[in-house]
Each structure stands twice: as structure tokens, then as C-alpha cells.
Amino acid sequence: MQIVNPEMRRRSFLTATGAALGITVLGNTVSGSTAQAAPHGIDVGRGIGDMTGEPLGAGMNGYAVLEQSSAGLHLRQRARAFVFVDTATSQRLVHVTCEVGLMFESIFEEVLRRLGTVHGNLYHRGNVLLSATHTHAAPGGTDGHLLVDITTLGFRPITFESNVSGIVDAILRAHDDVRAGQLTITSGLLEDAGVNRSPVAFGRDPDGGEFPLQIDPRSVNLQVERDGSLVGVINWFATHGTSMRAENLLVSTDNKGYAAWHWEREVAKVDYRNPAFVAAFAQSTPGDVTPNLDRQPGTGPTGDEFENTRIIGLRQFDAARAQTDSSGTSLGAGIDMRSIYVDFASFTVRPEFTGDGRTHTTAPAALGAAFAASSQEDGGGVPALGLEEGERGGNPGLAALAAVIMPQWLRDAHAPKDVILPVGLIPGIVQQVLPFHLVRLGGFHLFACPFEPTVVAGARLRTALADTLGIDRDLVVVQGYTNGYGHYLTTPEEYGEQDYEGGATAFGPWQLPATIQVAVDLASAMRDGRAVDPGSPQRDLTGAIPSAIGGNPFVDFPAPGTVFGQVQVEPAPEYGTGQQVLVRFSGANPNSNLRRDDTYLAVERSAGDAWVREYDDGDWYTKILFDNAGPVTTTTVTWDIPTTQQPGRYRVVYFGDARSLGGAIIPFTGTSAAFDVR
């Protein structure tokens with residue numbers, strides 16, 4: 001692994017905050033040192049919420065594979081919130097990193113509604129940022145628009161409720177945690193946690209030479225210290241959440257989830273019931289970056305998807321952790337923000353942004369044949385259709401068919417895309433009125449959008465923002481997957497290749513110039529101190545999609561001849577480190593109680609007359625699998641014993657909840673025989 005922190009490429013992180021903007025600085029903060037706070041600055045609070053969705057029978061977001069329906073749990077999904085408060089103006093910003101596949105307007109609106117019942121208008125559309133880590137192994141069915149929920153066979157109210165409740169919990173906990181601290185921006189390079197999955201399209205970019213590895217290697221930290229101790233980090237790095245393959249059926253937070261879990265649990269020894277440290281690994285612009293280093297699903301650096309998830313996550317942690325040992329730039333004082341909703345179905349792009357000196361418009365959302373082909377480096381889609389990305393020859397037969405059945409004006413607006421799904425022509429299929437936010441925290445600027453930007457698309461946005469604001473580009477981060485979902489964002493050159501990313505750029509070839517125009521207009525208003533009319537979203541469609549069937553029990557029965565919690569397969573009497581313990585129980589459907597802020601399982605160690613919990617279902621080393629046949633569920637718990645595990649006597653405990661014929665939820669517990677670890 002290569003982790004670098006070159007000063008020559010990072011001069012802004014040493015000087016730009018104070019010199020370029022003239023703001024009050026809190027003082028340089030190095031991990032382990034104490035800075036003297038200025039009279040005004042930014043206070044911050046941190047919080048974590050459990051947002052785990054249904055671990056049985058729920059379709060997952062990302063791969064659009066109907067067969068990928070949850071059948072167990074590997075890592076719990078968590079929301080990690082930071083609330084920033086300008087001590088001079090009381091201006092607030094909420095930033096939440098959510099371990100879900102995509103962020104939807106439906107979740108955003110319900111989170112705001114619930115926050116409003118507690119704090120009135122303190123938190124609103126203009127100062128709350130909810131972003132997805134883009135794991136492809138999280139239960140879906142939470143959008144208010146049909147296209148995404150089709151792949152999960154409908155809306156899933158239980159998962160939606162858990163996602164929303166976990167995010168709200170995280171924000172309220174961060175709200176209560178707000179206090180003085182020192183905030184620092186650091187940056188490093190991480191060069192072996194992703195590769196470009198569309199190199200031919202990337203090669204069409206005249207400015208692609210800025211990235212010789214065809215990825216954006218920047219790893220950026222926003223670090224929070226209190227009394228000289230590091231208590232929180234938001235890290236931005238661009239790589240897809242696709243280390244786990246489309247065949248995986250266990251709920252997983254993928255590589256970014258592993259990075260967060262490892263830092264919090266294994267390094268900082270966090271108790272999630274009262275975390276003293278929060279590590280959020282957010283996305284930036286990973287649109288054309290895969291973590292599958294061998295450019296095949298589930299491959300690179302090994303052939304094991306679980307090991308790849310761990311390694312790619314660990315590399316992100318290592319890069320972020322290394323940055324905390326080097327000096328950075330103090331964030332400075334002041335919070336400012338601008339936001340706007342834009343109808344991308346018909347947005348006018350001014351000549352100064354189009355590159356050809358003419359005015360153009362975006363088009364109603366439409367997806368192409370290359371979108372249906374899916375990213376063949378990450379998997380998913382329907383390979384049986386035989387569709388190909390542009391660099392693999394495209395789809396001439398489908399293009400000929402589209403020429404007959406698609407309106408000419410739509411084909412012209414999206415050319416050279418072979419349109420097969422004109423989703424924007426039918427209301428409610430996809431989100432087309434989209435939110436954009438520009439935030440200043442001291443001297444650091446974050447542009448948040450609902451797209452999946454490619455590397456060069458993100459770089460052009462950062463350059464335009466930095467030029468408009470008069471700052472160094474290294475003080476700008478572009479974050480996708482925020483407050484809604486608008487599919488991909490490619491450069492016009494990449495769009496012309498019509499690889500997967502171009503086929504999934506929903507609003508046509510002028511989508512990036514339109515986004516740059518939106519970003520520049522927000523930046524100009526921020527620079528000049530002007531207000532912006534934020535506009536408003538379209539009608540909230542939450543609940544408009546029919547609920548999915550399956551996964552939610554009417555009644556639970558124990559396996560024949562057993563009672564709930566009875567052990568069906570006991571562990572062996574003795575194990576060595578590195579081996580796997582397996583215990584099977586007569587269980588119940590887990591969706592009746594998702595056990596948020598709790599667990600379905602525990603690995604306990606004997607400590608005299610008591611049993612002490614060592615691991616639960618939120619830990620990397622455990623898995624819980626549910627084999628469901630109608631009202632009967634068999635539950636299997638596995639524990640991969642770490643090589644560093646303390647010798648002793650252990651047992652496995654299963655916590656379940658059975659639904660009676662009358663609808664009552666009855667908790668039960670199953671406990672294995674004790675066994676030794678040598």
C-alpha cells in the first residue's frame with residue numbers, strides 16, 4: 001500500500017484558510033496536541049445511530065439483481081452524524097454518513113419532518129446533508145420513486161422506518177453532544193484501493209492526465225479534537241461499495257463500513273451505546289472507480305470477497321489514520337451555505353459552460369443500453385440480455401430498435417445514448433427535481449449533489465468552485481449520493497463512449513455543464529454574500545409505491561420437535577484461533593424486531609461466575625444467517641475466531657422474537673453449550 005502526504009501538492013492545507021479568506025483560525029492541531037481556541041469558532045457534536053434494515057427477504061440496492069435478497073447479517077448499518085455550530089452566528093450544519101446503498105428524497109423528507117417535531121425549524125432542507133456510502137449489500141425498498149423500488153419488488157416500510165429512525169437518532173445524539181473542539185483538515189494519497197473501471201471512456205478526457213492512475217487518490221480528513229484527543233473524523237475517498245458481490249445475501253456495509261468499524265471498535269474500543277469516537281467514511285466522486293482491483297467482480301487483491309472488503313477498508317483506514325499524525329490546516333471560523341432545487345428535466349445551460357459557445361438544455365431522464373449492461377467490472381444487471389458497454393462494442397441491434405420505438409426528439413437530446421428506458425417521461429419513476437448544496441466550514445468547502453460523479457467530472461467541479469471562490473482547489477471536496485438520487489454524472493467526453501456510467505447519466509450529455517453552472521452560481525452567491533432562492537422539491541412520494549411482499553411474517557412456528565431458541569447444532573468442545581464456530585438454533589423471522597441499538601447474537605466469555613460479551617452482530621467476526629421456509633426459520637450463527645483471541649471458555653447466545661397467531665411479539669433466547677478456545 002502507498003500512503004503519501006506530499007507537501008508540494010498540498011500547499012493549501014498549510015496556508016489557504018487564513019491567507020485566502022482572512023478568517024479567524026483556531027490554531028494548528030496535531031494529534032496529541034492542544035490548541036488555544038479563538039473567541040469565535042465552530043463547535044461540533046457527534047452521534048451514531050443504528051439504521052440496520054431487514055436481514056431476511058429484502059432486496060438490496062445497487063446491483064439491480066432480483067435474486068439478491070437478504071438472508072442474514074454480517075455488519076450492522078450505522079448512521080454517523082456531525083452537527084457543526086458557528087459560535088458567532090449560531091448557524092448550524094448537519095452532516096450524516098449513512099451506510100446504505102443510495103440516499104433518497106423519501107428518507108431525507110421524513111428525517112426532516114421528525115427533526116422538526118423535536119427542534120422546530122432548527123434543522124431544515126438547507127442545512128442537513130444525508131449521504132450514502134453506496135454499499136451494494138444493504139436492504140433497499142426505501143425510495144418514493146418506482147425505478148429503484150422495482151428492483152426490490154416494492155417499498156419496504158420496516159427497512160424505511162429503521163433507516164429513518166437510525167439517522168434521526170444519530171442527529172439527535174450529535175445535537176446533544178455539541179461542544180467546543182478543534183477542527184482540522186488534512187489530506188493524503190491512497191493509490192491502491194480502487195482502479196478505473198471504464199478506462200476507454202476516461203481516456204477521452206483531455207484533462208484526464210491529471211490522474212495518471214485514472215483514479216482520484218485524495219484521502220481527505222475533517223478531524224475533531226477535544227482537549228488534545230481525536231474524537232471524530234469524516235474521511236472522503238472515492239471508491240465504490242462493491243467489494244461484496246451481487247451473489248452475497250448478507251447485509252454488509254462493504255469496505256467503507258469495515259474501515260469505520262475497524263477504527264471505532266478495534267482501534268478506539270468504542271461501545272456503540274455511548275461512543276467516545278466516531279469515524280465516518282464518506283464517498284466523494286467514485287463513479288468510475290471500482291475496488292475490484294482485477295476488474296472482475298469479487299477479485300483483487302484476492303479472490304475472496306470478504307477478504308477484499310477487509311483489505312480495501314483497511315487501506316482506507318490506514319490512509320485516514322496516517323493523516324492524523326501529520327499537521328494540517330485548522331478549519332477556521334464561520335459557517336455559510338447555499339442550496340437549491342433544480343429541475344434537471346429541462347435546465348438551460350448557458351454558453352459559458354457548454355464549451356461550444358451555444359446554449360443547451362438537459363433532457364428528461366432516460367437510461368441507455370449501456371446502463372442495462374451494468375458495470376461489468378463490478379457485476380449486477382442482467383447478463384443474459386447480452387447487452388454490452390460501449391468499449392465492448394455497444395448494442396447495435398438495440399440501437400436500431402430504439403430508432404424505431406423512441407421519439408426522435410428524445411433520441412436527439414440524449415445522443416449518442418441508445419435510449420431503452422425513457423423514465424423521465426412518466427411522473428414518479430425517477431427523481432428529476434434535484435437538491436444541490438454548497439457549504440463553507442471555515443476555509444473548507446463541500447459541494448454536495450445527488451449524483452454519482454466520475455473522477456474527472458468531480459475534478460472539473462472542484463476547479464470551477466475553487467476558481468469562483470478564489471481558493472485553492474485542495475480546499476474543496478465534491479460529495480455525491482446526498483439528499484436524493486439522480487444517477488450518474490459523466491463528462492461529455494465520457495458520455496460519448498457510452499460505457500455503463502454514460503448510459504446511466506440520466507439527463508443527457510449536458511448534465512455535467514449544467515451541474516457546474518449550478519455549482520458556480522451557488523459559489524458566486526456565497527462569495528458575494530447574496531441569498532439564493534432555494535426552490536422546493538416535488539411532491540413527496542413516500543408510500544406511493546406498493547409495499548413488497550415476503551420477508552415479513554404473519555406468524556412464527558418453531559422447527560418441528562423444538563421450541564424457539566433450542567440449539568439444533570451445538571459447537572465442538574474445543575477450537576483453536578483462526579477456526580470457525582458454528583451453532584444452529586430453532587429461530588424466528590428477524591424482521592419482527594430489527595433490534596436497533598441491540599443485537600441478534602452474542603459471543604460471551606466466561607469470567608468467573610459471570611459471562612462477559614466479547615462480540616455481537618455488529619462485529620466483523622460474526623455472521624447470522626436465516627433459512628426461512630414459510631413460518632419456520634432456522635438460524636445459524638458463526639464466529640470466526642480471531643488469531644489474537646484470548647484463550648478461555650466461550651458460548652454463543654441467540655436473541656430472537658417470535659410472532660404469535662394473535663400478532664404478539666414474544667422474545668426468546670437460545671444459548672449454546674460452552675466450548676474452549678485454546
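**View 1. Residues that line the largest cavity.** Asp216, Arg218, Val220, Trp236, Ser284, Thr285, Gly458, Ala459, Arg462, Val477 and Val478 line the largest cavity. A cavity is a set of points on a 1 Å grid over the protein atoms alone where a 1.4 Å probe fits but cannot get out; lining residues have an atom within 4 Å of a point. The model is predicted, so local features need pLDDT of at least 70 and side-chain atom pairs pLDDT 80 or more, while totals for chains, interfaces and linings use all residues. Residues are numbered from 1 along each chain, and side-chain values use heavy atoms, without hydrogens or water. The space in this cavity is about 80 Å³. Helix α12 (455-469) gives the largest share of the lining, 3 residues.

**View 2. Surroundings of Trp236.** Leaving aside neighbours within four places in sequence, Trp236 is in contact (heavy atoms within 4.5 Å) with residues including His95, Leu222, Phe444 and Gln479. Trp236 is also among the residues with the most contacts inside the largest nonpolar core, which has 71 residues. Such a core is a set of buried Ala, Val, Leu, Ile, Met, Phe, Trp, Tyr and Cys residues joined through side-chain atoms within 4.5 Å.

View 3. In β8 (residues 182-190), 9 of 9 residues are buried, that is, under 20% relative accessible area with a 1.4 Å probe, protein chains only. Strands are DSSP runs (E) of at least two residues, and helices (H or I) of at least four. Two strands pair if DSSP finds at least two bridges between them. β8 pairs with β10 (residues 218-226) in the antiparallel sense over 8 bridges, and Ser187 has Val220 as its bridge partner there.

Technical notes:
Buried means under 20% relative accessible area, exposed over 50%, partly exposed in between (1.4 Å probe, protein chains only). On a 1 Å grid over the protein atoms alone, a cavity is a set of points where a 1.4 Å probe fits but cannot get out, and a pocket is an open set with protein on both sides within 12 Å along at least five of seven lines; lining residues have an atom within 4 Å of a point. Grid points are joined across faces, edges and corners, and a volume is the space filled by probe spheres set on the points.
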